[in-house]
Amino acid sequence: MEYNKLIDNTLLKADATKQEILNLCEESKKYNFKSVCINPDFIPTAKEALKGSDVLVCTVIGFPLGSMSTKAKAFEAKDAVEMGADEVDMVLNISALKDKNYKYVLDDIKAVREATKGHTLKVILECCLLTKEEIVEACKICVDAKVDFVKTSTGFSKWGAKVEDVKLMRETVGPEMGVKAAGGVRTHEEMLEMVENGATRIGTSSGAKLM
């Protein structure tokens, strides 16, 4: 297995500098990772730095809380794609999910799906804030919305990816949809455990260490 192509090499901290993003891109080219995952304002920087490689540019939408309006998320996603993002990781509306307003959650995701046609869309559930039942419900909504991946975490809440959550997500979405484990995956062994339990993509700020 090409483990390098499972990795979204990630730098989303608020104080990231342009040089740090350039360093991330150089590291990602060296290991030929699947993508760099960065905040939207750095899309043009990463796109230019990765020119000539097959490393993709991934960005985040409605990040990290997921509580922006649907219209704002859709605009942000469209803008990101126009700037050159290949993949988009959006945060679902966690409050609406907890209120059992499933139609709102579905419509929210569908609006971003529409804005990102032809590009990979991952939906961040933020499992650390959800019950097992809510994780299952969120996964079912994502299947209905025809997204490409469900993702465990932003990495900015209580904790990141847990094996039991990855396993539950895989069981719920079935064999075809992608499952991204993100947050706290810092060793090769932890990556292997996530993959063995159904993860098909790993979001990590420790890409080189995982290799």
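Select Thr154, in the loop between β6 (149-151) and α7 (163-173); helices (H or I, at least four residues) and strands (E, at least two) are DSSP runs numbered from the N terminus. This is a predicted model, in which local features need pLDDT of at least 70 and side-chain atom pairs count only at pLDDT 80 or more, while totals for chains, interfaces and linings use all residues. Residues are numbered from 1 along each chain as its sequence is written, and side-chain values use heavy atoms, with hydrogens and water left out.

Thr154 is buried, with a relative accessible area of 8%; buried means under 20%, exposed over 50%, and partly exposed in between, with a 1.4 Å probe and protein chains only. Show its side chain. A polar contact of 2.6 Å joins it to the side chain of Glu126, and the backbone nitrogen of Phe156 is reached at 2.9 Å. A polar contact is a pair of N or O atoms within 3.5 Å; within protein, one must be able to donate a hydrogen and the other to accept it, and residues adjacent in sequence count only if both atoms are side-chain atoms. Beyond four places in sequence, Thr154 is in contact (heavy atoms within 4.5 Å) with Phe63, Pro64, Val91, Ile124 and Glu126.

Two of these partners are worth a stop. Glu126 sits in the loop between β5 (120-124) and α6. Its phi is positive, about 60 degrees, although Glu126 is not a glycine, and the residue is buried at 2% relative accessible area. Pro64 is in the loop between β3 (56-61) and α3 (70-83); the peptide bond from Phe63 to Pro64 is cis, with omega near 0 degrees.

Next, colour the largest pocket. Thr154 is among the residues nearest its centre, along with Thr10, Gly155, Gly183 and Ser205, and the lining has 24 residues. β1 (7-11), β7 (178-182) and β8 (201-204) each give two or more residues to this lining. By type, the lining divides into seven nonpolar, 12 polar and five charged residues. Here Ala, Val, Leu, Ile, Met, Phe, Trp, Tyr, Cys and Pro count as nonpolar, Asp, Glu, Lys and Arg as charged, and the others, Gly among them, as polar. A pocket is found on a 1 Å grid over the protein atoms alone, as an open set of points where a 1.4 Å probe fits, with protein on both sides within 12 Å along at least five of seven lines; lining residues have an atom within 4 Å of a point.

Ala181 is buried, at 0% relative accessibility. Its C-alpha atom is separated by 9.8 Å from that of Ile7, 174 residues apart along the chain. Contacts of Ala181 beyond four places in sequence include Val166, Met194 and Ile202.

After α7 comes Gly174, with a positive phi near 85 degrees.

Which residues have the most contacts inside the largest nonpolar core? They are Leu92, Ile109, Leu125, Met194 and Ile202, in a core of 69 residues. Helix α6 (residues 132-145) gives the largest share, six residues. Such a core is a set of buried Ala, Val, Leu, Ile, Met, Phe, Trp, Tyr and Cys residues joined through side-chain atoms within 4.5 Å.
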